[in-house]
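Let us go through this model by asking what each term rests on.

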Amino acid sequence: MPPSRGLIALLILTSNIAPATAQQAAPAAAPLRAPDTMEAHTLACIGCHGDKGRGVENVYFPRLAGKPAGYLYNQLIAFQEGRRRYAPMNYLLAYLPPAYLKQMADYFASQRPDPLPTTAPSAPAAIIAQGQQIVAKGLPDKKIPACTSCHGGSLGGREPGIPGLLGLRADYVSAQLGAWRYGTRTALAPDCMQIIASTLSEAEVGAVAAYLATQQIPAQEKPVAADATPLPMACGSQQAQEAKR
């Protein structure tokens, strides 16, 4: 005997209701969230700067790990304010609050991953020797101090705001000195690096870059601790960080 129309309607109704009821009864899945750690928050930095800021093969993306927190903070603010110009960094940092940038700087400053090996440049020995002379002795006739007098005797940096110069490729060093020379990278006044870079000749820039590219990062890179020793010339970025200490 065929089922009545009323029974068919009831079966259709209950078949539609049952799945909906089951779905309503199932507990909602918890949303996936990234760990609330600075390591997780800085994952966007890895592609360019390497795991924990170790560095990458690309010559234009420097190591961040182990540099003074004050220096890293200065650079983040400089990108945010447009005093350093690189569109991806300018965009990424545009709306981050200073307190968060400070946390990022502190995180990378505290990291000590193994350094990325670099290949020494194929510059002539005479060029590298000229660069070494400038780095160690400066150019007294041009009133340019030795790099070691600010960046530390081993070039590992100086707290709170002067970076190390180890493990950098020649093209990167040359590009940064060129950016200071032509005003696409600036620091707080008095901008000592702009003065130095604009005083060096193109050949001297090349020599300094070539020599610095021969210097590897030691396993335990660490900036020189801040002390009362005056710098050979006033540098606004260092003074600003010293004032916060």
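Q: How many helices and how many strands does the chain have?
A: The chain, in a predicted model where local features need pLDDT of at least 70, side-chain atom pairs count only at pLDDT 80 or more, and totals for chains, interfaces and linings use all residues, has 12 helices and 0 strands. Helices (H or I, at least four residues) and strands (E, at least two) are DSSP runs, numbered from the N terminus, so the pattern along the sequence reads α-α-α-α-α-α-α-α-α-α-α-α. Residues are numbered from 1 along each chain as its sequence is written, and side-chain values use heavy atoms, with hydrogens and water left out.

Q: What percentage of the residues of the chain count as buried?
A: Of the 245 residues, 42% count as buried, a word that stands for under 20% relative accessible area with a 1.4 Å probe and protein chains only.

Q: What makes the largest nonpolar core a core, and which residues touch the most other members?
A: A nonpolar core is a set of buried Ala, Val, Leu, Ile, Met, Phe, Trp, Tyr and Cys residues joined through side-chain atoms within 4.5 Å; the largest one holds 28 residues, of which Val135, Leu155 and Leu212 touch the most other members. Two or more residues come from each of α7 (125-137), α9 (170-181), α10 (192-199) and α11 (202-212), and α11 gives the most, with 6 residues.

Q: Which residues is Leu212 in contact with, leaving aside neighbours within four places in sequence?
A: With contact meaning heavy atoms within 4.5 Å, Leu212 is in contact with Val135, Leu155, Leu165, Leu168 and Val173.

Conventions. Buried < 20%, exposed > 50% of the residue type's maximum accessible area, 1.4 Å probe, protein only.
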